[in-house]
Each structure stands twice: as C-alpha cells, then as structure tokens.
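Hi,

Here is the structure I promised to pass on. Have a look first, and my notes follow below.

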Amino acid sequence: MPTQDITYREAIVFALQEEMRRDPTTLIMGEDIGESEGPFKTCQGLMAEFGSARVRDTPIAETGFVGACLGLSLTGYRPIAEIMFADFLGVAFDQIVNGIAKHRFMSGGKVKTPIVIRAIGGAGLRFGAQHSQTAESWMLSVPGLKIICPSNPEQAYLMLKAAIRDDNPVLVLEHKALLSMKGPVPVGTEEVAMPTGPKILREGSDVTIVGSLAMVGRSLAAADLLAADGVSAEVIDIQVLRPLDVTVVAESVKRTNNLIVVEEQAPTGGWSSDVVADVLTQAFDYLDSPPARITLPDHPLPYSPGLEDAMLPSPETIAATAKSLLE
Amino acid sequence: MAARKKSAKPSNQVPDPLTDDDRVELFRSMVGIREFEEQVQRSYLEGLVHGTTHLCNGHEAVSSGVAQALRPDDYVSYTYRGHGHCLARGMDMEAAFAELFGRVDGVCGGIGGSMHLTDIDKGLIGAFGIVGGGLPVAVGAGLSAQLANKEQVSVSFFGDGAANIGAFHESMNIAQVWKLPVLFVCENNLYGEFTRINHTTPYEDLVIRARGYAMEAVQVDGNDVEEVYAAASIAAMRARGGGGPTFIEAKTYRHRGHSRTDPAKYRDPAEVEEWLKRDPITLYRKDLIARGLLDAKAADAIVAELQSEAKAAADRAAASEWPSADQDFMAKTFA
Amino acid sequence: MDFLLPKLSATMETATVGRWLKSVGDTVKTGETLVELETDKATMEVESPVDGTVTELMAEAGAELAVGAVLARFRTAGEPASAAPAKPAPVPARAAPASQKPAAAPAATRSARPTRLLASPMAKRLAGMHDVDLGTLTGSGPHGRIRMRDVLAAVDAGAQAPASTAPSAAAPRPLPANAEPLSPMRSRIATAVSLSRQTIPSFVLDRWIDTSAVARARAMLGPDLEQSGGVKLTFTDFLLQALADCLAQSPRMLVRYADEGAQPALIRSQSVDIGLVVAVEDGVMIPVLRDLAGKSLASIAAARQAAVQRARAGRLSQADAEPASMSLSNVGRAGADRFEAIIQPRESSIIAIGREHETVVPRAGGIAVSSGINATLSVDHRLIDGVTGAGFLGSLADRIEIGPWSAH
C-alpha cells in the first residue's frame with residue numbers, strides 16, 4: 001500500500017471522509033465542527049462535502065448530543081460524536097456509562113449500537129487543568145465500551161476507520177499534542193480491522209516500556225537514549241485500553257524480564273495498574289525486577305509551561321527508570 | 001406559541017377522529033395494562049418478580065392515548081415505569097412477564113428486567129432506569145426520523161421528576177433548535193420518586209418549562225384518554241409535517257408507591273382519595289356506557305377476559321426456563 | 001559493594017562470626033579467605049567474591065548474623081573511592097541484649113524471624129532450572145537482591161569448571177507441557193526422602209528370618225483374640241511386638257541424631273516408639289505407635305488398627321509428628337522379596353520387611369523348605385555402627401523364630 005506523509009490531524013480527516021463516503025448512514029456531530037471544521041480542524045472539508053445534515057453543529061450540550069447518538073444508532077444510523085476536549089466527556093458520563101455501553105446488553109443482544117465517540121485530550125499545549133486530561137481511565141471500568149488510543153498518524157487513520165465500521169460503541173481517545181505529528185499513512189486503505197491488543201513498535205531485549213498516546217513517542221525517545229548507553233528497550237503501544245489484553249506485553253516481559261508502564265494520568269485508578277497486575281499474573285516467574293509505573297504526579301495539570309512540562313514523564317525520566325531497574 | 005392551560009377536547013381538530021370501535025379498543029388497552037400491573041403485584045408477592053418493579057396503575061390513559069396516535073414505524077422511549085407504554089404498543093404479555101421473571105423467554109432474554117423492557121421491532125427503543133436518561137436518546141431517534149424523511153415521530157415518555165435534570169433541558173433545546181419530530185410526553189403524577197413536586201420544582205404546571213425553549217406545548221388531563229389522544233394526535237401531525245416537537249404535560253396520578261418497597265405513606269390521604277375517584281379506567285367506562293358503546297356486563301366481561309389473559313400469560317411465563325449462566329449471555333455485551 | 005552473609009547450607013539461618021582474616025584497608029582477591037564463620041554445620045571459611053579493598057567490617061568476632069545481612073563492604077575496581085555506603089542495608093539480626101529479652105540467648109535467636117533471601121522471580125526460576133542454590137549466591141541488585149544475571153553467572157561458572165558435566169547455560173529448559181505439579185502429599189514425601197538422602201549417611205543390614213513359629217502362634221491366638229478383643233491379629237502385630245522387645249533391650253538403637261545445635265549431639269528415646277509406614281492413595285503416611293515395651297499382642301493390634309485408621313483418614317495426630325527412633329515398613333503380600341527403606345528424617349533406623357515366602361535353606365546338613373521373610377535394616381551411621389545393627393537383627397531373628405508371644 002503506497003503511503004502519504006501526512007499529519008495525525010489529516011489522518012483523522014481522511015478516515016472520516018473515506019468512511020462517510022463509504023457508508024451514507026454515517027454522520028458526525030459536535031461543537032463547531034461544521035462551517036468552522038472543528039477547533040482542531042479535525043473535520044476539515046467535511047461539511048462542504050457532506051452537508052449540514054451529516055456534519056452537524058450541536059449546542060454545547062454533551063449529554064444531549066452524545067445521548068442522541070444512541071437514539072440514532074438504534075434506528076439505523078452510525079453516528080460519530082466529536083468531543084472537543086476529552087475533559088468534556090464528564091458532561092456525557094451518564095449517557096455513555098448507563099446508556100450507550102449497556103443498551104445492547106440490556107436488550108438481550110437484540111439491538112446494535114454502532115457509535116463512535118472521538119475525544120481529543122492530553123497535555124502539553126498549556127490548556128490548564130480542565131482542558132488537558134486524557135480521560136483514559138474514566139470509562140475504563142465500563143463493560144460494553146471499547147476504548148482505543150492512536151499514538152501516530154497511521155494508527156489514527158486505521159483505528160478510526162475500523163471504529164466507525166465496528167457495530168459497538170467505541171471511544172476513540174485522540175491526543176492534541178500529536179495532531180501535528182507527521183508520518184506515513186496508507187490513505188485509501190479498503191480493509192481495516194479493529195486492533196485487539198497492544199502493538200510492538202520497537203524490539204528490544206533488556207526492558208519492556210509500555211505507553212499510550214503521547215507517551216509512546218516519549219518511550220521511543222527514551223529507547224534511543226537507552227540504546228546510546230547499551231540498553232536495548234522494547235517499546236509497546238498499548239493501543240486498546242478496553243477490552244484490555246496484555247498478552248503481547250507479558251510475552252515481551254518473558255523476553256526482557258523488566259517492565260515499565262508510562263501513563264499520562266494520575267497514579268491511581270489508571271490502566272497502567274491493570275497492565276502491571278495482569279503481567280504479574282501471566283509472567284510473574286519471568287520478572288527480574290519490580291515492575292515500574294511512571295505517571296503524572298497526583299495533581300491536576302497546571303497552566304504555566306515550565307510547570308506542565310515538569311509534570312509530564314520525559315524520555316530522560318523513562319530512561320533513568322529503565323536503568324534503575326537494570327541496576 | 002401555545003402553552004395552553006386546560007385545553008378543551010379538540011375533537012374537531014383531531015386529524016384522525018376516533019371511531020366507536022377505536023374507543024372500545026382504547027378501553028381494552030387501558031384495562032389490559034391495569035390487569036397486567038395487578039398480576040405483576042401478585043407475582044411479586046409470590047416471589048416471581050425480582051429486585052424491584054415500578055407499577056403504572058393510574059397512568060393508563062397516557063400510555064394508551066398516545067399509542068393510539070402513533071404509527072407502527074414510530075419510535076417510543078420510556079422509563080423504568082414503562083410496562084404500560086410497552087403494552088400499549090402491543091408488546092406480548094407473556095414475553096413481558098417472562099422478562100419480569102428473569103426468564104429466557106423474556107422480551108430481552110431475562111437480561112433487562114422490569115426496568116428495561118425493549119422491543120425494537122415494535123419501535124420500543126428502550127426503557128431508561130436513570131431519570132431523564134431517555135430524553136437525549138429520543139432526540140437521536142427524532143433526528144433519525146428527520147433524516148430518513150418518512151414522516152415518523154419519536155415519543156419520549158418521562159415523569160415530572162425528569163423535568164429538573166440536565167438531560168431534559170439539553171434535549172428540549174436540541175429538539176427545538178433542529179425542529180425534530182419529537183413528542184415530549186411528561187406524565188406529571190406530582191411525585192418524583194418519594195417527594196412531592198412542590199418540594200422540588202418552583203411550579204406544578206410543567207408546561208411552563210416548554211416556553212423557555214419556544215416549543216409548542218399543551219397541558220391535558222392525563223386521566224382522560226381521549227384528551228390525551230387528541231393532543232398526541234395533533235402533536236404527531238405537526239411533527240410529521242416538519243413542524244417540530246411538542247411538549248405534552250399529562251396531569252395524572254400514581255396509584256401506588258414509587259416502587260414495590262414504597263408504601264407511599266408520605267401522601268395526603270385526601271389527595272389519594274380525590275385522584276382514585278378520577279381513575280382513568282372508571283372514568284372512561286362511565287363515558288362509554290353513557291354513550292351506549294358498552295354496557296356494564298360487556299365492560300365487566302372485558303375486565304374478566306384481560307384478567308384471566310394476564311394470569312394465563314404470567315403462568316406460562318413462570319414455566320419458562322431460567323437463562324443458563326454458562327451459555328452465551330455474556331456474548332450479548334458486544335455485537 | 002555489600003558482601004552479604006551467604007547461606008552455606010540448606011538449613012542455615014544464622015552464623016556466628018569467628019575470625020576475620022582481613023582488616024579494613026586490606027586488598028583482597030577473589031577466592032581469598034576473608035572470614036571464618038561458625039554455622040549450624042561446621043566452621044567454614046568464606047572467600048571473597050571480588051577483587052577489591054575492604055572498606056568496612058560490619059560485625060565483630062562472636063556476633064551472630066542472619067543470612068543476607070551485610071558482612072563487609074568492599075570497594076571494587078570500578079567504584080570511586082568516595083562511594084559512600086549510602087543505601088540502608090538489611091539490619092543484622094543480632095541476639096537481643098538479655099536485659100531487654102529475658103529468654104535464653106539461643107532460644108531468642110532461634111525464634112527470630114530469619115532474614116528473607118531476596119531474589120527476583122526470574123532468578124528463582126532459573127535457579128530451579130539449573131539446580132543452583134540461591135543461598136550460595138551474592139545478589140547484585142538493590143538491597144542485595146539476586147538477579148537473573150547472578151544466577152546465569154553462577155551457571156556459566158559451573159559450566160566452565162573442567163570437572164563439571166552440567167548442561168550448557170545457553171537456554172533455560174522450559175517445563176515440558178505434559179508436566180504436572182506434585183500433590184501436597186507427594187511434595188511432602190519428596191522433601192522428606194530427599195532430606196534423608198542428603199543428610200543421613202546410612203548403611204543396610206540384611207537377615208533371613210524363619211516365620212513358621214509366627215504362623216503357628218497366629219493360628220492359635222488369632223481367633224481367640226478376635227473374639228475377645230474384636231481386633232484381627234496380623235503378621236505386623238507380631239513384628240511390632242518382636243521389635244519392641246528387642247529395642248527395649250538395645251539402648252544403642254533407641255537414639256536419634258540432634259542437628260538442632262552447633263555441636264553434634266544425640267537424643268535418647270525415653271520410650272519404645274515405632275513409626276508404622278502405611279500405604280495410602282498416592283503415597284504413604286507414618287503414624288507412630290507409642291510406648292510399646294512389654295505390650296500384649298491384643299493392645300498392639302488395637303494400637304496398630306487405630307494408627308492405620310488415622311493414616312487412611314489422612315488425619316495424623318500431633319503425637320504422630322514427633323519422631324520415633326525406628327520405623328517399620330512391611331511390604332505385606334506385594335511382590336518384593338526384599339527392599340531397602342529410607343530412614344525418616346530425625347529418626348535413626350528403619351526396618352523393611354519383604355513378602356513372606358518359602359525358600360530352600362540349609363538345615364542340619366541337608367536342605368529344607370522354610371517359610372520366612374527378609375528383614376532389611378537401614379541405620380544412621382552417625383549413631384549406629386555395624387556391630388550394633390547386626391546384633392539387633394540377630395536378636396530380632398531369634399525373637400521371631402522362637403517367641404514367646406504374649407497375647408494378653
């Protein structure tokens with residue numbers, strides 16, 4: 001498949017455009033996504049092509065329009081909701097947790113709920129405490145949802161297309177610090193499949209580093225730093241937070257015997273704890289050091305650039321942690 | 001703009017006037033709901049119904065009156081007090097009982113339960129256990145109807161308690177700004193769970209709420225089935241023609257407590273007595289007899305017939321198998 | 001680097017520092033003797049694991065340390081001279097001063113919680129695969145934790161030693177897919193017999209014993225006892241009475257080896273107790289019959305029956321856990337003419353009785369057919385010599401072949 005070098009943001013636009021062309025029952029709703037094409041321009045050109053019926057500006061009312069996605073899905077449509085900042089998922093919490101995630105199950109499996117909720121989150125752009133969260137763990141404990149996290153343009157493209165074709169509710173968590181990241185994307189791909197587990201992005205033999213979203217790039221950078229010091233790090237993108245299947249990570253740990261999980265969230269109640277717990281179960285006898293988690297400190301994100309940067313796990317921190325495990 | 005107080009029966013304006021046969025059928029529909037709920041109460045005491053259940057005795061005229069105004073391809077969403085809405089749309093009594101009993105032949109295979117009866121083939125898109133949770137979903141079904149352009153409508157039943165939650169306001173606003181074919185049917189029974197409306201809401205006439213959204217609105221006697229039908233019929237006609245949503249406030253009363261564990265002792269006995277005198281089924285029975293469409297014997301026969309039908313349906317449902325925990329019920333989470 | 005007190009034997013929990021052969025500032029080479037330690041087994045010389053300079057000795061002569069405690073610190077080639085021994089090391093488990101703890105010093109140290117051997121799960125796994133005793137390794141990880149690399153280094157060192165036939169350390173052998181874990185009972189048996197083989201230097205003595213007298217006595221006494229006592233008299237009951245009588249007259253057999261203290265010692269049994277090996281589903285259990293000296297066949301049969309029931313029910317009593325001096329293993333009618341049994345840990349002998357069978361024996365210058373058993377006695381040579389064992393077997397043979405039997 002020939003690829004084009006495009007940004008993460010453009011990859012999202014391509015995925016939306018191709019899938020909306022492919023299936024006339026798809027439509028997208030969100031705040032300022034029509035004529036304005038989205039605050040992050042993730043809906044560029046969509047209203048011009050598909051019209052305001054299928055590319056719909058909503059009131060600032062996440063409960064209302066996210067809940068409407070359930071009604072649309074039950075009556076034959078494949079709605080996509082864009083949540084401008086992932087932080088606003090909280091406004092639609094009841095609709096997602098009690099409605100969207102459970103409706104198919106409660107009907108005895110008799111209805112389908114093909115819904116995509118795209119939420120753009122993450123720190124690094126100085127948006128302060130209410131506009132910088134990744135929200136990765138907020139819905140982590142909700143059966144009936146799938147949660148995926150693209151960490152580069154290719155994944156943003158392929159995963160979103162697969163999510164739109166999936167017959168289940170999928171929460172796609174995108175990262176605003178990645179929107180301008182460039183990479184090769186196989187634009188025009190016909191066949192796509194939902195990822196079912198983590199993906200190894202770089203092979204290594206001494207330590208396994210697992211991350212999501214922006215932490216994947218930082219883990220890859222850490223692997224470069226470690227390579228310079230003769231340490232071979234394997235880097236894995238967790239990709240799918242729910243249903244969580246850590247088999248790939250456990251198999252990696254069986255080869256490297258050391259594990260670090262990097263998560264852009266506060267230290268408690270996040271997916272990195274689940275990864276560590278499941279890897280302990282699957283690969284306990286292969287661990288040669290206590291698994292390490294690197295997270296944000298247990299505080300909201302600050303605005304001032306120096307403060308925000310200090311909160312985020314840096315490649316240097318990740319590399320230093322790896323070395324301490326190998327001491 | 002039409003927030004009318006106490007509309008007169010607008011029978012001359014109704015797009016599709018009721019025939020005498022329709023009227024008898026409406027009576028049957030209400031009696032069927034009542035006898036179903038009475039049997040639920042008996043079955044609950046026999047231990048066949050699990051957890052809790054929310055009976056709609058007293059609300060029958062709203063369910064039956066609105067259903068009479070709908071087409072088979074319309075969408076209906078409702079609440080945990082939703083048995084009546086489902087039966088009025090033709091849900092099979094045995095499948096409903098089996099669901100309440102948690103059996104495999106239940107309309108949702110025993111997975112949903114009393115609060116979550118769903119039957120997508122009858123346009124019954126879902127019952128919502130969270131107060132107000134169904135309104136945004138009804139808006140989505142309304143958007144679907146608008147996009148499909150087949151003159152369908154989406155009806156959302158909810159109670160007075162829901163009028164105070166955010167989902168209500170967001171839904172009313174979206175439906176009106178997008179001119180969606182949605183009927184917001186508020187069954188104002190004066191009690192949000194255990195608390196009377198005057199403790200929770202600045203006024204008792206919720207039709208006032210619609211004004212804030214510039215929405216067509218009407219207040220009806222929710223215990224008068226023909227008045228409910230007329231209002232719903234006009235609202236549906238407006239919606240099908242692209243005229244947007246209507247808010248219908250149906251004043252009614254909950255004969256029993258909020259749920260099976262609630263004896264409803266917080267109500268003034270005088271208030272209860274007043275409303276029981278205005279039982280929608282008693283009122284309509286008198287009306288039909290007065291109009292010569294039914295005599296007492298025929299009316300009694302209908303009650304007896306539906307009572308035994310409910311009993312027989314419950315008996316058959318109770319004989320249904322339990323769902324097997326080692327079967328594929330967990331596979332129903334994902335498609 | 002920290003040099004931790006190594007585990008020098010399977011049972012060692014502590015050691016007392018004897019004599020330091022190096023002082024602070026001395027240069028040491030790998031393999032050079034550093035210190036003498038008194039352990040539960042012996043006085044041992046401990047060698048330096050590295051080339052370097054001694055920077056600190058952490059315990060004086062006479063101090064008792066727990067396994068894993070820091071014994072000394074070195075500066076090795078790569079470390080800067082100023083490297084401070086910053087990290088908190090495991091606190092040496094010294095005996096508490098008498099003023100604080102009234103208990104006698106040895107008891108206090110024995111009841112102290114042993115310092116845990118720190119090793120990563122992967123290190124433990126590799127050690128199991130390659131049969132490496134983690135107690136002999138020095139952990140290079142944080143807090144002295146033994147890491148995978150430490151075990152692999154030990155395996156490499158073993159593989160490079162010229163006399164070694166150990167398999168190459170290249171790839172850890174995975175557990176075969178069809179392997180299944182041992183049952184708790186088999187694990188217990190495996191531990192006990194391994195410990196016995198590793199710690200008890202035993203030898204074996206054999207004797208053919210004619211049992212026709214027993215058969216006659218049994219035919220005569222059996223029905224009567226069965227009627228009066230309700231207990232079926234078995235061949236084992238005769239063996240037990242004969243063994244009990246002989247043991248009561250052989251004080252040198254009524255002993256067991258005490259490996260609890262630092263000094264070699266023996267414990268004399270105050271009564272004639274015999275362990276009885278009972279075959280059960282998937283293994284054996286060994287209840288103990290107590291105080292058998294002078295007991296009648298009737299009471300021995302009752303005690304034997306109760307013991308067998310305890311074993312078959314899987315419910316041995318606390319008294320059964322206290323060791324006897326000797327155990328009896330009677331293979332009964334199963335197919336072996338003779339066999340050797342393994343001495344129970346903490347006992348000093350076991351007698352194995354093969355199946356009762358006929359054989360041709362020389363008698364009065366001719367040959368005769370005789371019915372009897374092979375009795376095979378295994379003894380702990382630390383306590384029992386050949387003369388003692390042979391004398392015991394001889395008296396046992398006489399006792400069985402001649403009698404007398406005391407029924408009541």
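**The sheet in chain A**

Chain A has an open sheet of 7 strands with mixed pairing, running in the order S3-S2-S4-S5-S7-S6-S12. (Helices, H or I with at least four residues, and strands, E with at least two, are DSSP runs numbered from the N terminus; two strands pair if DSSP finds at least two bridges between them.) S3 (55–57) and S12 (240–242) of chain A are at the edges with a single partner strand each, so one side of each has no neighbour in the sheet. On average, neighbouring strands are turned by 20° against each other, direction ignored.

Before I go on: this is a predicted model, where local features need pLDDT of at least 70 and side-chain atom pairs count only at pLDDT 80 or more, while totals for chains, interfaces and linings use all residues. Residues are numbered from 1 along each chain as its sequence is written, with chains lettered from A and ligands numbered from 1 in the order in which they are written.

Back to chain A: S5 (116–121) and S7 (170–175) pair in the parallel sense over 6 bridges, and A:Ile117 stands opposite A:Leu171 in S7(A).

**Where the chains meet**

On chain B, 32 residues are in contact with 35 residues of chain A (contact: C-beta atoms, placed from the backbone, within 7 Å). S3 (124–128), H5 (134–148) and H6 (166–177) of chain B each supply at least two residues of that side, and H5(B) gives the most, with 9 residues.

Cheers

Technical notes. Axes fitted to C-alpha atoms, helices over the stretch in contact; angles between N-to-C directions. Contact = placed C-beta atoms within 7 Å.
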